Amino acid sequence: LKRASGDWAQKRNVAVGGGVTSGNSATGCLRRIVVELLADRGDADVGFVDGQLNCQPRMGVKAQLDCKGVLCIDGWGWPGNIIWAFLSGCCPVVISVWQVHFLRHFTPGLHYFYVDPADPRQLLSVLDYVWRNDQAVAQMARACRQLAEQVLTPQALRAELDQDLEDIEML
């Protein structure tokens, strides 16, 4: 994983998000809603490379690491960038109905922000908070990364899944 360079004060007040697939379907698309919600704001860069949403990510990984916020948005399933976001040193903003098993180690409001996908407009107030509360959000990003470096290693994830499987077998 590439690491963010410089300190928090050098990061830009921009939230980035993107991925390979839009998650677009006939039943709706959370990613489309977020793209449209943030379209007129200058503090977001959101795009998906499959082209279904008429937007393309404009930033490479290095540029993303220089932003303060990383959006983790459901697509066809849980947000595919969530592990990267938690390890990035940026502040993760999770918009997801999925509760990936390792999230039990992290606390919303302490390690990341959570936006209810049933009310994605909450994202606007979360971003406003992030830009206005620099020190608190910097601490959140540090706490998230420190915990992620412990619980999101391949060995730790494997051990946790093995334990979960043992627990299921005991049922």
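Helices (H or I, at least four residues) and strands (E, at least two) are DSSP runs, numbered from the N terminus. The model shown here is predicted, so local features need pLDDT of at least 70 and side-chain atom pairs count only at pLDDT 80 or more, while totals for chains, interfaces and linings use all residues. Residues are numbered from 1 along each chain as its sequence is written, and side-chain values use heavy atoms, with hydrogens and water left out.

**View A. V100 sits in the loop between β4 (91-95) and β5 (113-115).** V100 counts as buried because its relative accessibility is 12%; buried means under 20% relative accessible area, exposed over 50%, and partly exposed in between (1.4 Å probe, protein chains only). Look also for I82, 18 residues away along the chain: its C-alpha atom is 9.4 Å from that of V100.

**View B. K11 belongs to the segment before β1 (12-19).** K11 is buried but has no salt bridge (a side-chain nitrogen of Lys or Arg within 4 Å of a carboxyl oxygen of Asp or Glu). D66, the nearest side chain of opposite charge, is 5.4 Å away (Lys and Arg count as positive, Asp and Glu as negative; His and the chain ends are not counted). A polar atom of the K11 side chain does lie 2.4 Å from the backbone oxygen of L65.

**View C. Helix α1 spans residues 30-38.** Here L30, R31, V34, V35, L37 and L38 are buried. They lie on the same side of α1 because they cover an arc of only 165 degrees around the axis, taken from the directions from the helix axis to the C-beta atoms.

Methods: Polar contact = N/O pair within 3.5 Å; in protein donor to acceptor, adjacent residues only side chain to side chain.
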